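Subject: Structure handover

Hello,

Here is the structure we talked about handing over. Please open it before reading on. My notes follow below.

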Amino acid sequence: MTYTENRQGVAARGPARIDTLDSLREHLQWAIELEHATLPPYLCALYSLDPERNPDAVEVLGGVFVEEMLHLALAANLLNAVGGRPRLDMPGMVPPHPRPLPHSDIELSLLPFGPEALEMFLRIERPAPPGAPPEGDGYETIGQFYDAIEQGLRDLCERLGEQAVFRGDPARQLSGAHFRHTAGNLFAVKDLESALGALEEIVEQGEGTARGEVWDGDQDIFHPDRDEVAHYYRFQELKVGRRYQRGDTPQSGPTGEPVTVNLAAARSMRPDPRLSDHAQGDPIRAAQEQFNAAYCTLLNQLEQAFNGDPTMLGVATGTMYAIKARAAALMELPDGNSTVAGPTFEYVPPEQRSGLGG
């Protein structure tokens, strides 16, 4: 069963929450905020790992991060396609942690890799149960939120016509030529069919195909001989310590070869650090301020890329390497009680970034 076939009942379930073009654009901006909100928690866990001592966990988190970036770009394509303007460089994108996933009760924290972080990731990526209704706000799973967007898209196209809905400038679309290193696809959104394809890519990479499979429909880029496991089930592999193999189901759990996870080797980053934990001039605070300036510079570069300047994606990639180096330096600084410092992901206004190295 395909994604579209599996969700053909979506439009028939419950009242449409997204019934105007303005509401559709608002929800697609929320989708951008949702996809971005997953990045800081995934990055903190990834930065806390030593690739030599935890290669399997680094592979999983690195792969999930790249695919979340893909989802962010697809959400921007969707918003551009319906005449919106993606926004990332704003204070609301990086509120203090702990914080909820936007328009949900799913709580996000900045944690080092470990059992608590894994449980959080499983909550983020949890598949929607069979028959779960679309939820455009206060959603219980990300899949239900995207079902509400699909429902709104179908309804608006039926009432207004596709041409009236997909009125955005095609030149603002990003395609695969601008985004690499993932088994998923970044493609232009121009009509209902391609919009549903973008939703399919986002949801299946997170929770699996047809809501009942552990696979996401792609080939594993790290292991070309394997099918790729959806995000939720990749985290299950790390939790259980085994890989999924053909014949495994969500009910059976993974029964394949062992996955090695060395919890003791993760850096003990202080949970949910904030600038206010340290006085002005403290070396840890200064390093965190520099990280934040660089991260907000990244948000600005991505906003430019999503608003008509695709060359900025390449610039943003370079900024990501700089951010990684700053995070690694932070995690070398003791921060009391056997913990080390970590990035705080707090907003820095544009006029303050250059003085901090952003």
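A disulfide is a pair of cysteine sulfur atoms within 2.5 Å. By that test, a search of the whole structure turns up zero disulfides. Bear in mind that this is a predicted model.

Cys44 is buried, because its relative accessible area is 0%. Cys157 is buried too, at 10%. The cut-off for buried is under 20%.

Next, the core. The largest nonpolar core holds 101 residues. Within this core, Leu24, Ile149, Phe166, Phe235 and Tyr295 touch the most other members. Helix H4 (residues 55-81) gives the most to this core, with 15 residues.

Now helix H2 (residues 21-37). Its 17 residues should span 24 Å at 1.5 Å a residue. The end C-alpha atoms are 24 Å apart, so the span agrees. Of the 17 residues of H2, 15 are buried, so the helix is largely enclosed by the rest of the structure.

Last, Glu200. This residue is in helix H8 (residues 192-207). Is Glu200 buried, partly exposed or exposed? With a relative accessible area of 27%, Glu200 is partly exposed. Glu200 and Tyr146 are 54 residues apart in sequence. In space, Glu200 and Tyr146 are 9.2 Å apart, C-alpha to C-alpha.

Best wishes

Technical notes:
Residues numbered from 1 in each chain as written. Predicted model: local features only at pLDDT ≥ 70, side-chain atom pairs only at ≥ 80, totals over all residues. Heavy atoms only, no water. Buried < 20%, exposed > 50% of the residue type's maximum accessible area, 1.4 Å probe, protein only. Core = buried A, V, L, I, M, F, W, Y, C linked by side-chain atoms within 4.5 Å. Helix = DSSP H or I, 4+ residues; strand = E, 2+ residues; numbered from the N terminus. Expected span 1.5 Å × (residues − 1).
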